[in-house]
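Here's a quick briefing on the model below.

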Amino acid sequence: MTDYELIRSKRRSLELRVLEDGRVQVRAPQRASLRMVQAFVDSRSQWIHSQQQRQASRPRQRWQDGASFPFRGQPLTMDVSAGRSAVAVSGGYLQIRVADPDSEAAVQQTLEGWLRKQARSLFEDSITRQFSWFASQGYSRPALRVKKMRTRWGSLSAKGYINLNMALLQYPPAALDYVVMHELCHLQHMDHGPGFHALMDARMPDWRQHKQLLDQPFFQP
């Protein structure tokens with residue numbers, strides 16, 4: 001039996017999360033019975049185990065001079081020095097300027113701010129390149145929200161948002177394109193049934209190879 005933390009709120013569905021330290025959280029509606037929650041956890045036991053293994057194998061990110069950080073699938077070396085806050089990619093280096101280069105928190109904050117700006121530009125580009133067919137079918141383009149997500153690479157909300165995980169910046173561009181296409185296909189098929197997979201095959205025939213790129217356990221900021 002899996003140990004888990006139960007958090008009740010005014011939500012309508014059950015949600016399962018595996019945290020960085022391997023702990024399991026279940027978010028449930030106020031009136032969901034304990035039997036229902038337990039059955040939900042039991043049904044996802046294999047997924048929980050795989051996520052715990054993934055979390056255990058994920059390297060701890062260091063935010064300091066000389067540390068490595070993957071960007072778009074390429075490992076870059078942090079070049080941290082004192083100066084006005086700025087980040088730039090030069091050759092195989094991430095040049096990071098911060099007021100206090102010895103503070104990992106300051107380096108992290110500066111780099112993550114830069115990453116968020118890069119994410120918005122690159123994610124919008126991927127959506128633009130892949131949305132034309134969906135536009136021709138009469139669908140409205142979803143609005144982008146860049147988020148830090150622990151258990152998902154992306155999601156499509158009924159309110160017209162496409163949510164994408166900022167950590168996708170660490171993977172090759174093809175991985176990002178796969179996640180974007182996956183979420184765009186949910187415009188037509190909200191489930192993962194045969195119709196969804198048929199549309200994925202039609203719009204991105206090699207999506208399975210792209211999906212495999214996400215198996216690398218990079219750090220998620």
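This is a predicted model: local features need pLDDT of at least 70, side-chain atom pairs count only at pLDDT 80 or more; totals for chains, interfaces and linings use all residues.

At 19% relative accessibility, Trp-153 counts as buried, where buried means under 20% relative accessible area, exposed over 50% and partly exposed in between (1.4 Å probe, protein chains only). Residues are numbered from 1 along each chain as its sequence is written, and side-chain values use heavy atoms, with hydrogens and water left out.

**Aromatic pairs**

- Trp-153 and Tyr-171 make an edge-to-face aromatic pair, 5.2 Å centre to centre with 75° between the planes. For the rule itself: rings of Phe, Tyr and Trp (its six-membered ring) pair if their centres lie within 6.5 Å, and planes under 30 degrees apart are stacked, over 60 edge-to-face and the rest tilted.
- This pair links distant parts of the chain, with Trp-153 in the loop between S8 and strand S9 (154–156) and Tyr-171 in the loop between S10 and H4, 18 residues apart. Helices (H or I, at least four residues) and strands (E, at least two) are DSSP runs, numbered from the N terminus.
- Tyr-171 is buried too, with a relative accessible area of 1%.
- By the ring rule, the count comes to six aromatic pairs.
- Phe-71 and Trp-114 have ring centres 5.3 Å apart and planes at 45°, so that pair is tilted.
- Because Phe-71 lies in strand S4 and Trp-114 in helix H3, the pair ties together parts that are 43 residues apart in sequence. Both Phe-71 and Trp-114 are buried.
- Phe-131, Trp-133 and Phe-134 form one aromatic cluster.

**The nonpolar cores**

- Which residues touch the most other members of the largest nonpolar core? They are Met-78, Ile-96, Leu-111, Phe-123 and Leu-164, out of 46 residues. A nonpolar core here is a set of buried Ala, Val, Leu, Ile, Met, Phe, Trp, Tyr and Cys residues joined through side-chain atoms within 4.5 Å.
- Elements giving two or more residues to this core include strand S4 (68–71), strand S5 (74–82), strand S7 (93–98), helix H3 (104–136) and strand S8 (143–147). Strand S10 (161–165), helix H4 (173–185) and helix H5 (194–203) are also among them.
- H3 gives the most to this core, with nine residues.
- Apart from this core lies another, of 10 residues, among them Leu-16, Val-24, Phe-40 and Val-41.
- Leaving aside neighbours within four places in sequence, Leu-164 is in contact with residues including Phe-123, Ile-127, Leu-144, Val-146, Met-149, Trp-153, Val-179 and Val-180. Contact means heavy atoms within 4.5 Å.

**Helix H1 and its cover**

- Helix H1 (residues 34–43) has Val-37, Gln-38, Phe-40 and Val-41 as its buried residues.
- Those residues cover an arc of only 160° around the axis, which puts them on the same side of H1. The arc is taken from the directions from the helix axis to the C-beta atoms.
- On the face of H1 turned away from its buried side sit the exposed residues Arg-35 and Ser-43.
- The cover over the buried residues of H1 includes strand S1 (5–9), strand S2 (15–18), strand S3 (24–29) and helix H2 (45–57).

**Strands S1 to S3**

- S3 is mostly covered, with five of its six residues buried.
- S1 and S3 run parallel and are joined by five bridges; strands pair if DSSP finds at least two bridges between them. Glu-5 stands opposite Gln-25 in S3.
- S2 and S3 pair in the antiparallel sense over four bridges, and Glu-15 has Arg-27 in S3 as its bridge partner.
- S2 and S3 form a hairpin with five residues between them, and Gly-22 in the turn has a positive phi of about 90°.

**His-210**

- His-210 has its place in helix H6 (residues 207–212), and at 17% relative accessibility it counts as buried.
- Not counting residues up to four places away in sequence, His-210 touches Ala-174, Ala-175, Tyr-178 and Met-204.

**The whole chain**

- The chain has six helices and 10 strands, and 41% of its 221 residues count as buried.
- The C-alpha atoms fill a box of roughly 55 × 45 × 30 Å, taken along the principal axes.
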